[in-house]
Amino acid sequence: MQFYLDGYRPGDPDLRPAAPGGVEPRSGSGELPQEVDVLVVGTGPAGVVLAAQLAEFPGITTRVVERRNGPLELGQADGVACRTVEMFNAFGLAEKLMREGYWVNETTFWGPESADSSGIVRTGRVQDVAEGLSEYPHVIVNQARMQEYLLEHMRNSPARLEPEYGLEVTDVEVLPDGGDYPVKVTLRRAADGEAGAAAVPAEASTVVVRAKYVVGADGARSAVRKSLGIELRGDARNHAWGVMDVLAVTDFPDVRVKSVIQSPSGGNILIIPREGGYLVRFYVDLGDLDPADRDARKRFTRESLVEAAQKILHPYTLEVKETAWWSVYEVGQRIADRFDDVLDAERGTRTPRVFIAGDACHTHSAKAGQGMNVSMQDGFNLGWKLAAVLEGRSPESLLDTYAGERKAIAQELIDFDLRFSTMMAAKPKDPEHAEAGGVDPAEKQQIFTEAGRFTAGFATEYTPALLTGTTQHQAVATGFPVGQRFYSAPVVRLADARPVGLGHVAEADGRWRIYAFAGAGDPQSPESGIAAFSRFLAESENSPVRRFTPDGADPDAVFDVRAVFQQGHRDLALEKLPEFLMPRKGPLGLVDYEKMFTADAAGSDIFEERGIDRTRGAIVVVRPDQYVAQVLPLDAHQELADFFTGFMLPTAVLV
């Protein structure tokens with residue numbers, strides 16, 4: 001963590017100085033300006049991740065509205081995929097997640113004890129996250145707590161951004177001749193006695209705001225989506241599951257281990273231990289529903305969930321002492337026709353102004369733990385793009401990539417969730433009646449294990465397009481696949497010999513990362529590849545750093561360039577390495593010494609772990625949302641320049 005760049009100040013470094021004078025207060029005052037750059041509707045997972053990114057840009061007028069009268073107190077989502085922990089690290093929040101959360105280390109599988117028994121027995125045990133997928137664990141933290149972390153991050157940001165509660169969107173309209181603020185949003189303040197803010201006069205109950213961009217992260221019943229006439233399409237599976245968070249006493253031995261249980265009667269349970277050491281979540285199979293009976297789901301009670309769980313757990317006992325929350329839902333998968341306001345026939349003739357994210361554009365079952373995680377990735381994908389356009393660093397056409405990238409990912413999620421939820425609800429296979437179908441415990445364990453990459457959050461892969469290059473040069477860095485998330489590895493910071501994760505130095509600040517891996521030879525020589533690369537970035541007219549960094553901004557304001565050397569940290573002299581890698585920054589012109597790293601001689605070697613070509617070296621370009629955009633040889637200077645020319649504007653002026 002770096003601070004004091006703008007001068008010494010005492011106190012908590014997470015509470016950064018507020019933006020300089022002239023910036024409007026962002027303190028949740030209850031008053032909305034007539035015009036905003038971005039209006040975020042909803043404080044669910046997608047909304048708060050997006051808003052937390054935009055809070056880094058106080059020159060962008062961002063507002064967040066929420067129909068509830070305050071922050072979420074009891075969330076329904078709880079599974080935090082490894083990929084999400086990686087993302088939270090960019091906000092400086094991974095340590096909080098891991099300290100407070102339950103770590104899902106293993107998963108056990110239970111099935112019928114024998115063909116003629118009504119009991120269950122443990123049939124298998126696997127590591128929950130396969131070796132080599134991530135340095136972070138799969139954790140369980142209540143959704144409300146996760147969102148509070150991000151809300152606190154927003155409050156502590158230079159923008160001092162806080163949501164405006166008690167405001168419900170009733171209509172969104174894109175005006176063809178709307179000028180700089182073409183989106184008209186009509187909101188209603190909650191009246192006294194409603195689930196909104198305090199009572200207000202009737203004449204003040206309607207608020208109209210004009211916006212440059214609107215993001216609807218307002219859930220499955222999204223008012224923003226409905227205003228755009230976008231439909232959620234898909235099918236209900238007419239199969240009910242109950243979910244309950246309970247404090248209970250049981251003699252089931254794996255109650256503090258994630259457990260998949262398949263009973264002889266055909267019922268299924270997924271047990272998810274919760275944070276705190278005592279709370280546990282039960283997903284309970286309640287069986288098929290009559291599609292003609294629309295009220296069937298409503299007739300389930302808390303008691304019926306407990307009874308179903310007790311039956312499936314037999315011969316083990318379950319005594320529920322307290323229920324923190326329970327619900328019954330119907331399995332189904334639905335996806336929106338489109339993820340923004342641009343019709344297919346209009347695509348390419350105008351750029352989007354209104355977007356939907358999270359449950360507003362895709363819904364599915366809860367047992368794979370993907371809803372909250374994929375929703376957050378929606379917000380992470382869109383936030384930096386809005387900032388880049390609003391700050392003049394990229395053309396508006398960049399915003400077309402949100403729908404193009406995220407709808408494909410959402411469809412993959414829907415397809416996966418259908419297979420996964422079907423497997424979870426499958427009855428035990430009867431050897432005597434194979435034609436009846438079903439899944440035996442070994443098959444269930446195999447399917448569950450094979451799905452591990454998806455449930456850990458690592459199945460996302462962006463295909464070659466505007467923001468993602470080809471795999472032409474993948475051989476120079478095989479461990480950083482183009483289109484997949486940047487997988488961190490241990491390195492040693494040269495200036496102070498501190499071991500760090502290379503990917504952990506990246507922040508959620510909208511900047512592009514360029515990691516330069518030095519090739520063979522002495523990097524201290526002016527003739528080395530890393531020296532030539534540094535001269536190109538510092539001096540060439542084609543350098544993306546020179547072309548796209550505004551005058552007067554810090555040298556790394558747009559591109560965060562870092563170098564990794566093959567030698568040990570004691571074998572290199574800081575003063576003999578390229579000056580470009582020690583940029584002067586801030587009003588005092590202080591030197592940033594944290595741009596250079598070496599392989600970890602005492603531990604794992606990043607060049608070996610990530611397949612870096614030791615002779616040629618490599619350039620790994622990483623998007624602001626942590627996905628690898630391009631891999632090139634270290635001497636591919638012009639190809640690097642050409643890549644950024646496709647979606648960045650020269651002589652940008654930071655707002």
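Two strands count as paired here if DSSP finds at least two bridges between them. With that in mind I opened the structure, which is a predicted model.

**Entry: a sheet.** I looked up an open sheet of 3 strands and found the order β3-β7-β4, with antiparallel pairing. β3 (79-80) and β4 (102-104) stand at the edges with a single partner strand each, so one side of each has no neighbour in the sheet. I then followed β4 to β7 (residues 138-140), and noted that 3 bridges join these antiparallel strands; among the residues involved, Val-104 has His-138 in β7 as its bridge partner.

**Entry: the start of the chain.** I found a nonpolar surface patch of about 500 Å², made by Met-1, Phe-3, Tyr-4 and Tyr-8. Tyr-8 sits in the segment before β1 (35-41), and I record Tyr-8 as exposed because its relative accessible area is 64%, where exposed means over 50%.

**Entry: aromatic pairs.** I noted that the structure holds 22 aromatic pairs. One of them joins Tyr-462 and Tyr-627 edge-to-face, at 5.0 Å centre to centre and with 65° between the planes. Tyr-462 lies in the loop between α10 (452-455) and β19 (490-493), and Tyr-627 in the loop between β26 (618-622) and β27 (628-632), so this pair ties together parts that are 165 residues apart in sequence. Both Tyr-462 and Tyr-627 are buried.

I also checked Phe-480 and Phe-486, whose ring centres are 4.6 Å apart with planes at 5°, so this pair is stacked. Phe-480 is buried at 0% relative accessibility, and Phe-486 is buried as well, with a relative accessible area of 8%.

Methods. Residues are numbered from 1 along each chain as its sequence is written. This is a predicted model: local features need pLDDT of at least 70, side-chain atom pairs count only at pLDDT 80 or more; totals for chains, interfaces and linings use all residues. Side-chain values use heavy atoms; hydrogens and water are left out. Patches are made of residues with over 30% relative accessible area and no salt bridge: like charges are joined within 9 Å, nonpolar side chains (Val, Leu, Ile, Met, Phe, Trp, Tyr) within 5 Å. Accessible areas come from the Shrake-Rupley method with a 1.4 Å probe; for residues, only the protein chains shown count as cover. A salt bridge is a side-chain nitrogen of Lys or Arg within 4 Å of a carboxyl oxygen of Asp or Glu. Helices (H or I, at least four residues) and strands (E, at least two) are DSSP runs, numbered from the N terminus. Buried means under 20% relative accessible area, exposed over 50%, partly exposed in between (1.4 Å probe, protein chains only). Rings of Phe, Tyr and Trp (its six-membered ring) pair if their centres lie within 6.5 Å; planes under 30 degrees apart count as stacked, over 60 as edge-to-face and the rest as tilted.
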